[in-house]
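Here's a quick briefing on a ligand and the pocket around it. Have a look at the structure first, then read on.

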Amino acid sequence: MPNEEIVKICGIANLEDASAAIDLGYDIMGVILDTKVIRHGTVKLIEDIKNIGGTTAAVYTSFESVKENPSSADYIQLHFSHSQKQIRDIKDEFGKKIISVITYAGKENLDASIKEKISAGSDLVLIESREGIFKYLPNIVSLSENSRVGVAGKIDLSNVSEIRRRGFRFIDASRSLEIRPGKKDYSVMKEFIKSVRCIHATV
Ligand SMILES: O=C(O)c1ccccc1NCC(=O)[C@H](O)[C@H](O)COP(=O)(O)O
């Protein structure tokens, strides 16, 4: 039976980490295709991950880079402010699933933005706060009813159980699973996914 939740590990920068993530049961391996980001990977790495059976998301930081650097990833993650027209344009050109990232700082009207992204063709929507999404949990908890809406931003072993308990079924983590930028810690990865999988939502 497929997992009830989607656990995405982001910032995968080498094949060994991807292989460990697949073995541990992570659902999506995010590879950042922006060389300015320390934990970036390459189109070739995405191809290699696919060849060992992993599901991948190519993470783009600008609209232009999606066009300039296409990959074989299963998902295209739009990690920049983007319009409905851009979602439609990318979906039409590449025919891939889309993850829309929405940056949240506590005030934005998320209901409207999520509706906008999904109606334009996004398959998953990630609400992200780089300084930590956990502090905004009371503001956003109602969004957890939608299984296509996920959360990201400083999610770690200390807060992931609570996030899961509050009903979120799409969870993304990166830095808390690292030994150093670009290198994952397999024992932390193991504990993290165990925490996600063993909690059943109570909402
Ligand atoms: O991880 C980065 O440094 C990064 C930089 C620029 C664009 C995207 C980036 N990461 C992509 C992600 O999806 C993150 O992993 C996600 O937002 C969660 O990050 P973290 O707070 O490290 O768990």
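By class, which residues make up the shell around the ligand? The shell has seven charged, five polar and five nonpolar residues (Asp, Glu, Lys and Arg count as charged; Ala, Val, Leu, Ile, Met, Phe, Trp, Tyr, Cys and Pro as nonpolar; the others, Gly among them, as polar). Keep in mind that this is a predicted model, where local features need pLDDT of at least 70, side-chain atom pairs count only at pLDDT 80 or more, and totals for chains, interfaces and linings use all residues. Residues are numbered from 1 along each chain as its sequence is written, and side-chain values use heavy atoms, with hydrogens and water left out.

**Around the ligand**
- The ligand is surrounded by 17 residues (a heavy atom within 4 Å), and the closest are Arg39, Glu128, Lys154, Ser174 and Arg175.

**Polar contacts (pairs of N or O atoms within 3.5 Å)**
- Arg175 has a side-chain N or O atom 2.7 Å from an oxygen atom of the ligand.
- Ser174 uses a backbone N or O atom, 2.9 Å from a ligand oxygen atom.
- Gln77 places a polar side-chain atom 3.2 Å from an oxygen atom of the ligand.
- On its own the ligand has 510 Å² of accessible area, and the protein covers 92% of that (Shrake-Rupley method, 1.4 Å probe).

**By class, the pocket lining**
- The lining of the largest pocket has eight nonpolar, six polar and seven charged residues (a pocket is an open set of points on a 1 Å grid over the protein atoms alone, where a 1.4 Å probe fits, with protein on both sides within 12 Å along at least five of seven lines; lining residues have an atom within 4 Å of a point).

Methods:
A polar contact is a pair of N or O atoms within 3.5 Å; within protein, one must be able to donate a hydrogen and the other to accept it, and residues adjacent in sequence count only if both atoms are side-chain atoms.
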